[in-house]
Amino acid sequence: MNLFDSFKIRDISFRNRIAVSPMCEYSSEDGFANDWHLVHLGSRAVGGAGAVLTEAIAVLAKGRISPCDLGIWKDAHIENLARIVRFVRQQGSVAGTQLAHAGFKASTAAPWQNQRGPVAVTEGGWRPIYSSTSKGFTPESLEPEALTPEGIAQVAHAFAEGARRSLEAGFELVEIHGAHGYLIHQFLSPLVNTRTDQYGGSFGNRTRILREVVEAVRKVWPERLPLWLRISASDWTEGGWTIEDSVALARQVKPLGVDLIDASSGGIVPAAKIPVGPGYQTSFAERIRHGAGILTGTVGMIIAPEQAQHIIATGQADVVLLAREFLRHPYWPLSAAQVLKQQIAWPKQYERARF
Ligand SMILES: Cc1cc2nc3c(=O)[nH]c(=O)nc-3n(C[C@H](O)[C@H](O)[C@H](O)COP(=O)(O)O)c2cc1C
């Protein structure tokens, strides 16, 4: 396998194994996509990515990380997203979106706002909905409200509605966000899930909401289209979620229709010690790939073309997802191909600049 080999998941062909990792832009009003998102996502499609994923897109208004996140909780959101999807697909990239609910990490300010942390209800914020206890992510967090079983069913339905709207917008790939301390992860992790009902306690109970979300999404997301799942493969904390749990989870969700596990990590507790460095999460993708016999994506400080090629060539993962490197270099795949001496198609408008 090579970085620039095309491949197929279900009926969808990807021109290479490079994906733009979801990145919040904090640039929406009332969840609507706008010109910023068009140019941000569109330029990375022009740059040659195999798949371009939107930022975490909220399936419910209260599930937004901040008041300026993208949303997909109402049909009115579809039209602006469809414009972006059309452009991304015209450039030869697969257009994907990441369905999300922030749980107790909802209603926070954009990173560049002076007031970091929670946004007060009087300033457009809201009380977050959380998985189990009424403890927030940090002592400053707004006090969350525990989800009832009816609330959990509504969340699963909202994910399915998000998938239906994604389909209408023309997306060909959906990723469920089960990582980074957001709602689904709050159920998975024993560090914060202290529920005593059928959604807490045992591994089977803590993973129940995710299975219900996957099943609800798969009911409306067609067989011919790929479904990815992002998880935090480790909480990096004693007593937390582990890589062994991740392998077991991957085995559970594969028969439910998840095609690829996008293995990230951390985010459930602020104090976790994460050994950040080049490719620091790649071993998780490798363990899950071999342990569960499922496709995996790896993310986290993948920067050099040779590094990305090595990951794919050695079978550690099937896809590399790049986030910050794509902010620095929107056309990263075009120059990576040159470094790796691979012939790939350039946008015809840019041919004259070809190396
Ligand atoms: C600006 C920014 C926004 C992000 N937003 C999201 C997001 O919406 N969903 C998500 O799963 N990860 C998000 N992430 C995490 C990235 O997708 C990625 O996992 C992380 O940055 C590590 O990859 P990198 O070293 O290539 O940046 C974000 C990262 C950045 C830098």
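**Chat about the ligand shell, a strand and a core**

Trainee: How many residues surround the ligand, and which are the closest?
Mentor: In this predicted model, 20 residues surround the ligand. The closest are S21, P22, A56, A323 and R324.

Trainee: Which elements give two or more residues to that shell?
Mentor: Strand β4, residues 51-58, and helix α10, residues 324-328.

Trainee: And how does the shell divide into nonpolar, polar and charged?
Mentor: There are 10 nonpolar residues, 6 polar and 4 charged.

Trainee: What sits on each face of β9?
Mentor: One side has L227, L229 and I231. The other has W228, R230 and S232. Both faces are covered, and these residues are all buried.

Trainee: How does β8 pair with β9, parallel or antiparallel?
Mentor: Parallel, over 5 bridges. Strand β8 covers residues 173-178. As an example, V174 has L227 of β9 as its bridge partner.

Trainee: What about β10? How many bridges join β9 to it?
Mentor: There are 5 bridges, and the two strands run parallel. Strand β10 is residues 260-264. S232 pairs with S264 of β10.

Trainee: Where does the chain go between β9 and β10?
Mentor: Through helix α7, residues 243-253. That β-α-β crossover is right-handed.

Trainee: Where is S265, then?
Mentor: In the loop between β10 and α8, which is residues 282-292.

Trainee: Why does S265 count as buried?
Mentor: Because S265 has 24 C-beta neighbours inside 10 Å. The cut-off for buried is 20 or more.

Trainee: Which residues does S265 touch?
Mentor: Leave out residues up to four places away in sequence, and S265 touches S232, A233, S234, W236, I274, Q281 and F284.

Trainee: How far is S265 from L327?
Mentor: Their C-alpha atoms are 21 Å apart. Along the chain, the two are separated by 62 residues.

Trainee: Last topic, the core. Which members of the largest nonpolar core touch the most other members?
Mentor: A51, V52, V59, F159, V213, V217 and V320, out of 97 residues. Helix α3, residues 149-169, gives the largest share of this core, 7 residues. In soluble globular proteins, nonpolar side chains tend to be buried together.

Trainee: What does V320 touch?
Mentor: R17, I18, T298, I302, A308, I311 and I312. Again, residues up to four places away in sequence are not counted.

Key. Residues are numbered from 1 along each chain as its sequence is written. This is a predicted model: local features need pLDDT of at least 70, side-chain atom pairs count only at pLDDT 80 or more; totals for chains, interfaces and linings use all residues. A residue is near a molecule or strand if its C-beta atom, placed from the backbone, lies within 6 Å of it. Helices (H or I, at least four residues) and strands (E, at least two) are DSSP runs, numbered from the N terminus. Ala, Val, Leu, Ile, Met, Phe, Trp, Tyr, Cys and Pro count as nonpolar, Asp, Glu, Lys and Arg as charged, and the others, Gly among them, as polar. A residue is buried if 20 or more other C-beta atoms lie within 10 Å of its own, exposed if 12 or fewer, and partly exposed in between; C-beta atoms are placed from the backbone. Two strands pair if DSSP finds at least two bridges between them. A crossover is right-handed if, with the strands pointing away from the viewer, the path from the first strand over the helix to the second runs clockwise. A nonpolar core is a set of buried Ala, Val, Leu, Ile, Met, Phe, Trp, Tyr and Cys residues joined through C-beta atoms within 7 Å. Two residues are in contact if their C-beta atoms, placed from the backbone, lie within 7 Å.
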